[in-house]
Amino acid sequence: MTHKLLTLTAVISLFLSGCGQTAPNLNGSNNNISDANAISGDTVSIDESNYGNESEGNYNSSTDGFRSVYFDFGDYAISSNMENNMNNNIKVAMAASSKIKIEGNCDEFGTDEYNYALGLKRAKAVKDSLVSQGLTSGKTVMVSFGESSPVCTEPNDSCYDRNRRVDIRLVK
Amino acid sequence: MKHLLIIILSLHFFTLNLFGVDATLKIEKDVENRSRIALLDGSAVKNKRVFDILLSDLKISGHFIPDTTHHQGDITGKFIPPALKGQEYVLKYSMNQRSGSKLLIRLLKASDGTQVFKKSYAVPSKAKMPFLLHKAINDVNNVLKYPDISWINRYVVYAVYTTPGRSEIRLADYTMTYKKTIIKGGLNLFPKWADAKQRAIYYTSYKELIPTLYKLNIYNGSKQKIASSQGMMVCSDVSKNGSKILLTMAPEGQADIFEMNVASRSKKRVTNFKGIDVNGRYVDNESRIVFISNRLGYPNVFKKSINSAATSQVVYRGRNNNACDANGNKIVYSSRESNNAFGKNTFNLYLATSGSSSTRPLTATGTNQFPRFSMDGSIILYLKQNEYSTSIGYINLTSSQSLLFPFNDKKVQSIDW
């Protein structure tokens, strides 16, 4: 009885495996997708961990060795993506012989005084970060430029991203 | 006796509810009190621009129902064209701009041509022609003993961004027909009238290391340095007699509101909050201020006594009320009502009072920002933007009329009236 049961199980298993669909060979010519023209080229692969580092490389409106720090829409917290920039900035700031000017900037979507205050909060966040790492507070001066000094004036997202920033430079 | 007492108490309760509305929020539509008036152009050369400005002045005053047809005819004599006999008044006028601007007006009763008022005006500048027209309509309004509309004579001062990091401060008449740049070069922002007579402005200059407030006499160019602060420095409001100003400053890096005695230059901190406090405006006979703060996590309108710490929320609707103006106990604020991170958002204007939580919507569509009261609080100026154009708008709170004028300066930074 046991033998019969084992034999039946083996037969059913073989039958079922025989019904399995052949895996399509996407790289070969036996591709079973009939409308192959619908797939043209490969899909994109986005690595968002580069956000911010890209601006470090290509976008920088700070001077004297400092790196600009970029912010999210309506936000004034320094994101972790900006750590490299801030690590650079503290080194440059500690070595600087003159006063450091920290300039807060916003995109064009705010209004009136509130946007200038938002730019100032961004400058203050950068200053506090530098001071927490040992920079003397008296060595800095902050100015908010609100939406008055965009580095990019095209109406697209990457442009707006570049304008929500803090620039740092030496007072000369 | 008991029944009588109940009836009296009931009537008292009913009356309070019936008339317990905020007078500020009441919309008056007393059309019967407005005068029907026609304009008759007696100029040698028909001038549509002159007619349009006179018509706008009459409309926005809220005191006239003007005939919108541009009639022409003889300025002299008592003759009233038959087509205008249905009006109450006919304002005959003649503009001559061969040398400067010269205007003659005659106000006649439409029924029999009786002259009610006659006056001539002249100014050496052709560009200042709109001010002659505003003055004339202001005089006609006064002759007919309507409430004051002298706000139409006032300058509007505003700052516009020209290129990144550059701006200009300009003057205009309320219709934006006359425009003149008074400060150019560098970054100069937040112009604010320093006195009721509009002889001087405060503005913030960025030419020094930190933002610096100056007072400029717009007639002789004399300039005084008033104060400076790291972070930001804005003159947000000026007291009625010009002796005190409200400043937004950030001496320690946080934006707070201070009151300055202009003569002594002494400053008093009015707000002290680690977030954002900006846009201070005097209310309630200058004993309190309203201001914009993010103390609840989003920008909203708050009120505070100048001499005590108690702070109260003024507006209980909207999650992004980021600018306001005040006059007496009236408050107008702009509220962002869409949430596009990028691109145009819907901003609407609302009217509130410092002693009430009620609000009245003033606009319903588009991007409506930079609300500013007229000196008497009867009119609100604002900037309206849509996809294709920018206009300067005026809302007459008494008559609920509004007017829009084209405004070609694209990037307005700040405006005062």
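The largest cavity has a volume of about 80 Å³. This is a predicted model, where local features need pLDDT of at least 70, side-chain atom pairs count only at pLDDT 80 or more, and totals for chains, interfaces and linings use all residues. Residues are numbered from 1 along each chain as its sequence is written, chains are lettered from A in the order in which they are written, and side-chain values use heavy atoms without hydrogens or water.

**Exercise 1.** Find which residues lie nearest the centre of the largest cavity.

*Solution.* 
- Start with the term: on a 1 Å grid over the protein atoms alone, a cavity is a set of points where a 1.4 Å probe fits but cannot get out, and lining residues have an atom within 4 Å of a point.
- A volume is the space filled by probe spheres set on the points, which are joined across faces, edges and corners.
- Now the lining: of its 13 residues, Glu113(A), Cys235(B), Arg281(B), Arg372(B) and Ser414(B) lie nearest the centre.

**Exercise 2.** Work out how the lining of the second largest pocket divides into nonpolar, polar and charged residues.

*Solution.* 
- A pocket is an open set with protein on both sides within 12 Å along at least five of seven lines.
- This pocket holds about 520 Å³ of space and is lined by 25 residues, Asp237(B) and Met375(B) among those nearest its centre.
- Sort them: Ala, Val, Leu, Ile, Met, Phe, Trp, Tyr, Cys and Pro are nonpolar, Asp, Glu, Lys and Arg charged, and the others, Gly among them, polar.
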